[in-house]
Amino acid sequence: MSDLLLQGLVAGARLALISFGFGLVYATTGIFHFAHGATYALAGYAAWLAIDRAGLPWPVALALAVAVAGAAGWLVEVGLYRPLRARRASSDTLFLTSLGAYTVVANLLALAFGHETQPLGLDFGSVLVREAGPDGLPLVLTGVQLATVGTAAVLFLATWGLLTRTTFGLRVRATAANPNLAAALGLDSARLLPQVVALGSLLGGVAACCQAADVGVQPQMGLEAVVAAAVAVVVGGIGSLPGTALAGLLLGLVRHSAAYTFGARWEDVLTFALLLTILLLRPRGLFGSAPDR
Amino acid sequence: MNQTRRWLFAPALLIALISGCRRAPVPEGPPPPSSGAPTTAGAPLRIGAIFPLSGGAGRIGEMKRQGADLAVKHLNAAGGVQGRPLEIVYADSKNQATEAGAAFAKLVDVEGVAVVMSAMSQVSLALAAPADRQQVVLFANASHPALPGKSPFVFRNLPSTKLGAPLLAETAYRDLGLRRVAVLHINDEYGAEARKLFEEKLASLGGKVVGSQTFEVGATDLRAALSSLARQKPDGWYIPGYGAALGLALKQKRELRLPGVVLCDLGLVDANVLKSAGPAADKVVVAAPDFDPASSRENVQRFVRDFEKDYQETPSFDAAFQYDAVYLLAAAIERAKEPTGDAIRAALAATSDFVGVCGPTKFDSQGDADMPMVVRMMLDGKLTSLEALAAVPPTTKPTPQAGGKPSDETGGE
């Protein structure tokens with residue numbers, strides 16, 4: 001059982017990272033940031049291109065891929081969200097724009113590189129944690145899995161520190177709590193928001209690199225990521241970043257346990273059943289506070 | 001407007017002249033479809049193709065399209081069919097029966113084709129009824145055993161699951177000494193049928209399928225399913241599937257250090273799957289027809305050489321079968337007195353003496369390909385003889401008596 005828990009949490013670490021980035025953008029801009037899937041897929045493909053096509057060493061390639069995600073996020077805010085906000089677009093319009101950005105990117109990637117999964121061909125070995133667990137199975141964690149957990153933990157703590165201990169963080173939290181009041185007090189959202197979306201996309205980009213190294217890339221990879229992130233944000237409580245990250249972990253655990261116990265067909269059924277149950281019992285999510293924005 | 005048209009017309013004419021004047025190479029290999037001049041003239045002779053060209057099974061469609069396109073290229077260079085250039089009109093099924101149904105109607109009603117090639121079991125099963133109703137030849141390269149019986153208009157040259165799965169079960173039991181096999185199959189008609197046929201055969205011999213799980217075409221994390229099956233302590237695995245998910249299943253089984261030899265179908269023999277699997281594809285046992293890219297046969301060499309030139313990869317079984325399929329159809333259309341579905345069906349059923357790149361092919365009374373299957377093993381991306389498997393670990397060619405003790409190390413990783 002403890003092995004199942006561990007494997008589930010490992011699977012959840014990547015989801016937590018994606019959800020954290022998505023939640024950060026959602027809480028600050030108020031936009032249901034579907035384009036998170038686009039920046040995610042772009043990072044994955046950038047990593048693949050840099051390693052497979054350009055032959056760059058993997059640390060350089062992955063750093064480049066994360067930078068691509070950040071730049072793409074910045075561009076989404078400056079090129080799409082800001083002009084629409086200036087024209088007083090409704091949140092529905094912003095959501096559809098975001099969805100459109102995702103669809104365009106996913107289809108362009110498919111057109112350019114085909115629909116099939118492209119493996120990166122990286123192998124970081126694996127660690128035998130235990131010869132035989134309670135089920136008699138060896139407990140093995142791959143290098144990529146361990147790196148994912150480590151990176152997710154470090155990035156979560158670093159971002160949390162950034163948000164709670166710096167003036168930048170104060171501005172982000174102020175804008176998230178009440179954008180109008182923050183603007184009235186002189187906070188320059190035109191400068192702040194691109195930085196936040198870029199930061200959220202960087203976090204997603206790191207997660208995309210972890211997925212790419214583990215299982216390769218394919219054009220629709222952003223969809224699974226953004227759907228999981230959306231579920232995690234709702235389950236964790238909109239506006240609660242630790243809640244979102246925790247919900248991401250929980251989601252990984254539920255999906256893994258569902259597949260392990262009942263078969264892969266039950267992954268989505270149980271994931272969304274969990275979502276509905278939590279929404280019915282706690283409409284504001286597990287860690288959500290009363291709505292004041 | 002006229003000006004534009006003229007501009008477009010000029011290069012088109014130039015290309016037509018150049019390609020028309022080029023001396024066509026003399027055809028080798030598959031039966032010469034044309035007895036006449038090596039140049040084609042007149043309106044193109046069109047056949048339809050409904051393949052999954054996007055979505056999770058897009059890779060399968062792409063490989064089939066590559067094989068079909070190369071066959072058209074070779075055929076047209078050798079004079080086309082009935083002196084006319086052959087042309088394939090493609091439609092994307094997205095591996096969905098409803099999409100395929102709409103595409104079929106369009107190909108038959110609008111494009112007026114009398115022959116449609118298709119792929120994937122669930123799509124082809126759905127197309128069999130309209131093909132029968134409209135008397136259109138459906139050349140369905142999918143492996144579901146029920147497919148050929150659906151209509152006299154349905155043919156295929158891809159081996160049926162009923163040839164591969166039971167043969168693998170027999171190999172597992174008799175040659176590899178496996179008694180408890182876990183099945184992880186792709187979640188579609190083909191995967192479910194492969195599991196059923198494998199399980200029946202293994203049970204009839206005295207072995208047992210100790211658990212089965214499915215995976216989706218686009219699955220990336222199969223660790224939970226693999227671990228769950230491993231709880232049953234299988235001594236072998238049957239993983240019928242295709243696409244990157246199959247490669248990842250093998251890779252993750254190896255990463256999790258789960259013991260037991262793996263048996264797979266033709267889906268493994270695909271450059272992309274092998275790349276996803278990496279070293280985990282080594283020693284996987286495969287039941288496959290006798291197509292060997294390294295064969296010294298002239299038609300195979302030409303096919304492989306031109307395929308590698310055009311697509312920079314070794315042709316898969318899917319590409320090879322589709323190449324042969326187009327040649328089989330071209331030969332039948334050539335022999336048919338009139339270009340109707342019924343005449344082509346009769347000509348196709350009468351196929352004899354056809355030797356394609358996948359070897360001699362003829363059809364049984366149901367339009368199913370009758371071909372020998374061989375069990376081989378993947379090693380360094382190539383299929384080799386099964387004997388090498390026994391030579392690798394310091395064990396076992398277990399005795400074939402029932403109840404013989406299975407060895408844990410058989411072909412282990």
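Across the interface of chain A and chain B, eight residue pairs are in polar contact, both partners at pLDDT 80 or more. A polar contact is a pair of N or O atoms within 3.5 Å; within protein, one must be able to donate a hydrogen and the other to accept it, and residues adjacent in sequence count only if both atoms are side-chain atoms. This is a predicted model, where local features need pLDDT of at least 70 and side-chain atom pairs count only at pLDDT 80 or more, while totals for chains, interfaces and linings use all residues. Residues are numbered from 1 along each chain as its sequence is written, chains are lettered from A in the order in which they are written, and side-chain values use heavy atoms, with hydrogens and water left out.

**The side of chain A that touches chain B**
- At least two residues each come from α1 (2–29), β1 (126–130), β2 (139–142), α8 (189–215) and α10 (241–262) of chain A. Helices (H or I, at least four residues) and strands (E, at least two) are DSSP runs, numbered from the N terminus.

**Salt bridges**
- Two salt bridges link chain A and chain B; the term means a side-chain nitrogen of Lys or Arg within 4 Å of a carboxyl oxygen of Asp or Glu.
- Lys275(B) pairs with Asp52(A) in a salt bridge, with 2.9 Å between the closest N and O atoms.

**Extent of the contact**
- Chain A gives 27 residues and chain B gives 29 residues to the contact (heavy atoms within 4.5 Å).

**Chain B**
- Chain B has 13 helices and 14 strands.
- Of its 413 residues, 57% count as buried (under 20% relative accessible area, 1.4 Å probe, protein chains only).

Conventions:
Buried < 20%, exposed > 50% of the residue type's maximum accessible area, 1.4 Å probe, protein only.
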